[in-house]
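Hi,

Here is the structure I promised to pass on. Have a look at it first, and then read my notes below.

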Amino acid sequence: MSDTRKRTRKRFGGHSHKRHKGSRELEVGAQGVLVTCNMNERKCTSEAYSLLNEYADALYGPEQPTDCLSEDEEGDDEDAEAALKKEVSQIQSSMKKHQQRFSAVDSGANNVVFIRTHGVDPEELVHHILSDLHQTKKRKSRVILRMLPVSGTCRAFPEDMEKFLSEYLERWFKAPLRATYQICFKARNSSHSKRDDVIKAVAGLVDKMNPLHKVDLSNPELSIIIEIIKSVCCVSVVTDYMLFRKYNLQEVAKEPTNQSAGQQEAANQTQEHECGEKAEGGDVSAGNGSKEAEPE
């Protein structure tokens with residue numbers, strides 16, 4: 001009886017359902033593209049690969065394959081078994097050295113796909129995609145909602161985020177640079193950082209770099225995107241965030257419609273509500289709070 005139970009548990013139960021941690025998970029140090037969808041993550045991944053490869057080929061040229069073997073032929077005296085082992089070792093070594101331009105990893109959240117990039121600029125590539133869709137109005141995806149570049153990652157704890165962002169944001173905000181900006185925040189499967197605390201801390205860093213920076217929730221020159229998934233904080237600074245409908249591929253490809261003044265005012269009020277309000281005594285902005293649904 002006990003043997004039967006053991007065999008049953010081993011065959012049908014146990015811990016086989018658990019995911020194994022490794023290089024296929026989103027981790028600190030990664031760069032890439034965060035892709036959201038409504039269900040069907042497999043289809044989302046396929047569409048993301050197709051889009052990223054199409055536009056990366058246009059920007060950077062086709063991805064060059066890595067030659068697996070390049071050593072001279074000195075193995076005439078080697079026996080077949082030794083030659084085979086050597087060839088297998090060379091192939092394995094080449095595969096370890098070769099990094100694909102795009103590779104999907106486990107994001108750690110449902111309806112979110114993370115495509116890790118190598119040798120490309122995520123912000124440049126995603127902006128190029130959105131710019132083309134905005135101009136041509138061609139719909140090139142069915143399940144993808146948003147594509148957000150991730151050019152920096154750190155641990156999603158206040159002290160780690162403050163240290164990382166104090167250096168990361170200098171590229172866009174260090175004096176004498178001057179711009180209007182907003183902060184867009186969303187957290188998934190995480191309770192390490194509170195929305196309001198993160199917003200105030202980031203706004204404080206920007207103000208410290210140059211107090212002439214101003215918050216603009218309607219049409220900012222720069223949008224600081226902070227996406228937290230579990231214990232990883234993904235960061236980017238993007239342009240044309242409102243023009244490209246919060247980097248929503250479905251919305252940016254739609255033909256523009258005429259809005260009345262009242263409708264436009266209502267839309268502006270909704271945006272201000274989503275992105276937060278200016279705090280008394282200082283400018284603070286935010287967007288995409290942790291409890292909001294995916295953008296339309």
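This is a predicted model: local features need pLDDT of at least 70, side-chain atom pairs count only at pLDDT 80 or more; totals for chains, interfaces and linings use all residues.

Before the details, one term: I call a residue buried when its relative accessible area is under 20%, exposed when it is over 50%, and partly exposed in between (1.4 Å probe, protein chains only).

Numbering runs from 1 along each chain as its sequence is written, and side-chain values use heavy atoms, with hydrogens and water left out.

Rings

There are 5 aromatic pairs in the structure (rings of Phe, Tyr and Trp, the last by its six-membered ring, with centres within 6.5 Å; planes under 30 degrees apart are stacked, over 60 edge-to-face, the rest tilted). Tyr-168 and Trp-172 make a tilted one, 5.1 Å centre to centre with 45 degrees between the planes, and both of these residues are buried. Phe-173 and Tyr-181 pair edge-to-face, at 5.7 Å and 75 degrees. Ring pairs also join Phe-164, Tyr-168 and Trp-172 into a cluster.

Helix H5

Tyr-168 brings us to H5, residues 158-168, where the buried residues are Met-161, Leu-165 and Tyr-168. (Helices are DSSP runs of H or I with at least four residues, strands are E runs of at least two, and both are numbered from the N terminus.) Seen down the axis, those buried residues fall within an arc of 60 degrees, so they line one face of H5; the arc is taken from the directions from the helix axis to the C-beta atoms. Glu-159, Lys-163 and Glu-167 are exposed on the face turned away from the buried side. The buried residues of H5 pack against several elements, including H4, strand S5 (152-155) and helix H7 (195-209).

Thr-153

This residue sits in strand S5. Why does Thr-153 count as buried? Because its relative accessibility is 6%. Its side chain reaches the backbone nitrogen of Gly-29 at 2.6 Å and that of Ala-30 at 3.1 Å. Not counting residues up to four places away in sequence, Thr-153 touches Phe-164 and Val-232, among others (contact is heavy atoms within 4.5 Å).

Cores

The largest nonpolar core holds 42 residues, and Val-35 and Met-147 have the most contacts inside it. (Such a core is a set of buried Ala, Val, Leu, Ile, Met, Phe, Trp, Tyr and Cys residues joined through side-chain atoms within 4.5 Å.) Helix H2 (residues 41-60) gives the largest share of this core, 6 residues. Apart from it lies another core of 29 residues, Tyr-181 and Val-237 among them.

Gln-250

Helix H8 (residues 249-252) contains Gln-250, which at 16% relative accessibility counts as buried. Gln-250 and Ile-144 are 106 residues apart in sequence, yet 7.6 Å apart in space, C-alpha to C-alpha. The Gln-250 side chain makes polar contacts with the side chains of Arg-139 (3.0 Å) and Ser-141 (3.3 Å). A polar contact here is a pair of N or O atoms within 3.5 Å; within protein, one must be able to donate a hydrogen and the other to accept it, and residues adjacent in sequence count only if both atoms are side-chain atoms.

Cheers
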